[in-house]
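Have the structure open as you read.

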Amino acid sequence: MGMIQDKVVVVTGAGAGIGRDFAKAFAAHGAKVVVNDLARDKQSGQALADSVVAEIRESGGQAVAAVESVAEWDSAHKIVQAALDSFGRIDCIVNNAGIVRDRFIFNMSKEEWQAVIDVHLNGSFYMTRAAAPHFKSQESGSYVHMTSTSGLIGNLGQGNYSAAKMGIVGLSKSIALDMARFKVRSNCIAPWAWTAMTAGIPADTPEEKARVEKLKKMESAKIAPLAVYLASDRAEKVSGQIFGVRANEIYFFSQIRMIRSMHRGGGWTPEMIADEAMPAFEASFFDNVPSMKLTPWDPV
């Protein structure tokens, strides 16, 4: 028996890339999978979700497709209902669906901002909300959300995506607190993988081209085992955490914590802050300012 034998798992954005690998891995470890994706093959018009379902069934697994958008309240509920109608229960939501609309902040349109927020952040909430009453009543369940180092440390030209992905971290932490009494868990994964979403990374200079070549070695299938673990009963004590995967490396992020504080009995004036507080804090600035080169997170 697999680690998640007979659990019912919804994977959003599962028609390709990381989500497809997730869906196949969950099925391979015994789960019944709802494969969600709104996209269709540009040539045949076939729903990508249907193709993944066919792959899973051919391998002896159980899966159904849900060709609905996560970015709408009603359609998100339909995705969860598909799990209930097909398999009688719901045990895990993997919030993986995503899009990018990269643009420097001074050129970003309202539509580019809204589209990314709707799919990533609103979609994660809608899916969470649709499953939450069922998790609450059965006193079990888990959420696995995809965040990104673009949100955790920032990235060029991705203000919309970064904001959404950092918002997902806050959402996950709140879910973990709200649902703890009902034995429901919520965690985030920041994945490194070469997929259609990352294929648009600029590669104009020799350094950028070398970095992209390294990224191409980051297989999306390498991320799936962590997601399967987080959905399993073996992870019953793990909640409110942020993990990352790149190739054969799994890493664990610290939570945001206060680094240093200064107290003044009579309060502060702007001049006192400039003269006393900031000089004391400056030693820590370097470690807290995003690097334009993102050196600590370059692919290995």
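Partly exposed means a relative accessible area between the two cut-offs, with buried under 20% and exposed over 50%. Keep in mind that this is a predicted model.

With those cut-offs, Trp-73 comes out as partly exposed, because its relative accessibility is 37%. Tyr-126, at a relative accessible area of 18%, is buried. These two residues form an aromatic pair, and the count of such pairs comes to 7. Here are two of them side by side:

| Pair | Centre to centre | Angle between planes | Type |
|---|---|---|---|
| Trp-73 and Tyr-126 | 6.0 Å | 80° | edge-to-face |
| Tyr-251 and Phe-253 | 5.3 Å | 70° | edge-to-face |

What does the pair of Trp-73 and Tyr-126 tie together? Trp-73 sits in helix α3 (residues 73-87) and Tyr-126 in helix α4, so the pair links parts that are 53 residues apart in sequence.

Is Glu-112 buried or exposed? Its relative accessibility is 13%, so Glu-112 counts as buried. A polar atom of the Glu-112 side chain lies 2.9 Å from the backbone nitrogen of Ser-109. Setting aside neighbours within four places in sequence, Glu-112 touches Arg-101, Arg-103, Asn-107 and Asn-160.

Key:
Residues numbered from 1 in each chain as written. Heavy atoms only, no water. Buried < 20%, exposed > 50% of the residue type's maximum accessible area, 1.4 Å probe, protein only. Polar contact = N/O pair within 3.5 Å; in protein donor to acceptor, adjacent residues only side chain to side chain. Contact = heavy atoms within 4.5 Å. Phe/Tyr/Trp six-rings, centres within 6.5 Å; stacked < 30°, edge-to-face > 60°. Helix = DSSP H or I, 4+ residues; strand = E, 2+ residues; numbered from the N terminus.
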